[in-house]
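Have the viewer open while you read.

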Amino acid sequence: MSISRLNSLLNTTADWLRNPLLLIIRLFWGWQFAQTGWGKLMNLNRTAAFFGDLGIPLPLVNALAAGSVEFLGGLLLPLGLVARPAALALGFTMVVAYLTADREVVLAVFRAPDDFTSAAPFLFLFASLLVLAFGPGAWSVDAWRGRKKSAART
């Protein structure tokens, strides 16, 4: 088998894996986001106190905002409904989490990369960035709505 044929086979297989992988990422990490957001919202005073300890201004407002984004974004992600805007909001929330709760690992990312990748926000941010960059995939409400709009135009 030639290299180009092998490469073509690999590309075809990898393309086939895109939609199931994006669905699995959306289902798993959407659920994780929703649970985390729900926990913040159900323990708002404790979350606000933690945010205050981190020096975040308006800790109650920001705790409500972070919990709401995580919970609502976490519900939208598995559905693939407005997935890219949800992923953008979730990713922004995770960047803020890194810069406030894990600032020292961000500052030492090149000195201690294992600390950066093992910090709590890392996988949440990574999942958000994957959905933002690649979209929710074909097995999503967004894709279904796009197909429906396309069919209506023809």
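Predicted model: local features only at pLDDT ≥ 70, side-chain atom pairs only at ≥ 80, totals over all residues.

Residues are numbered from 1 along each chain as its sequence is written, and side-chain values use heavy atoms, with hydrogens and water left out.

**Helix packing**

A quick note on terms: helices are DSSP runs (H or I, at least four residues), numbered from the N terminus. Axes are lines fitted to C-alpha atoms over the stretch in contact, and angles run from 0 to 180 degrees between N-to-C directions.

| Helix pair | Angle | Axis separation |
|---|---|---|
| α4 (residues 83-101) and α7 (residues 121-134) | roughly 150 degrees | within 8 Å |
| α1 (residues 3-42) and α2 (residues 44-53) | about 95 degrees | 5 Å |
| α2 and α3 (residues 59-79) | about 115 degrees | 8 Å |

Start with α4 and α7, which are therefore roughly antiparallel to each other (angles over 145 degrees count as roughly antiparallel, under 35 as roughly parallel, 65 to 115 as roughly perpendicular and the rest as oblique). The crossing of α4 past α7 is left-handed, a label used if the near helix is turned anticlockwise from the far one by less than a right angle, with right-handed for clockwise. On the α4 side, the contact (heavy atoms within 4.5 Å) uses residues including A83, A87, L88, M94 and Y98. The α7 side brings in, among them, P121, F122, F124, L125 and V131. By class, this contact has 16 nonpolar residues, two polar and one charged. For that count, Ala, Val, Leu, Ile, Met, Phe, Trp, Tyr, Cys and Pro are nonpolar, Asp, Glu, Lys and Arg are charged, and the others, Gly among them, are polar.

Now for α1 and α2: at their angle of about 95 degrees, they are therefore roughly perpendicular to each other. K40, L41 and M42 of α1 touch L44, T47 and F51 of α2. That contact splits into four nonpolar residues, one polar and one charged.

α2 also packs on α3, and this crossing is right-handed. From α2 come L44, N45, T47, A48, F51 and G52, and they meet P59, L60, N62, A63, L64 and A66 in α3. Here the tally is eight nonpolar, four polar and no charged.

**Aromatic pairs**

How many aromatic pairs does a search of the whole structure find? The total is eight, where rings of Phe, Tyr and Trp (its six-membered ring) pair if their centres lie within 6.5 Å, and planes under 30 degrees apart count as stacked, over 60 as edge-to-face and the rest as tilted.

Take F33 and F124: their ring centres are 4.9 Å apart with planes at 70 degrees, so the pair is edge-to-face. The pair ties together distant parts of the chain, as F33 is in helix α1 and F124 in helix α7, 91 residues apart. Both F33 and F124 are buried (under 20% relative accessible area; exposed is over 50%, and partly exposed is in between, with a 1.4 Å probe and protein chains only). F33 and F124 also belong to a cluster that ring pairs build with F28 and W29.

Y98 and F116 pair another way: the centres are 4.6 Å apart and the planes at 5 degrees, so this pair is stacked. Y98 sits in helix α4 and F116 in helix α6 (residues 113-118), 18 residues apart. Y98 and F116 are both buried.

**Single residues**

Two residues have a backbone angle to check. L58, in the loop between α2 and α3, has a positive phi of about 45 degrees although it is not a glycine. L58 is exposed, with a relative accessible area of 61%. V82, in the loop between α3 and α4, is not a glycine either, and its phi is positive, near 40 degrees. V82 is partly exposed at 36% relative accessibility.

Which class does T117 fall in, buried or partly exposed? T117, in helix α6, is partly exposed, with a relative accessible area of 38%.
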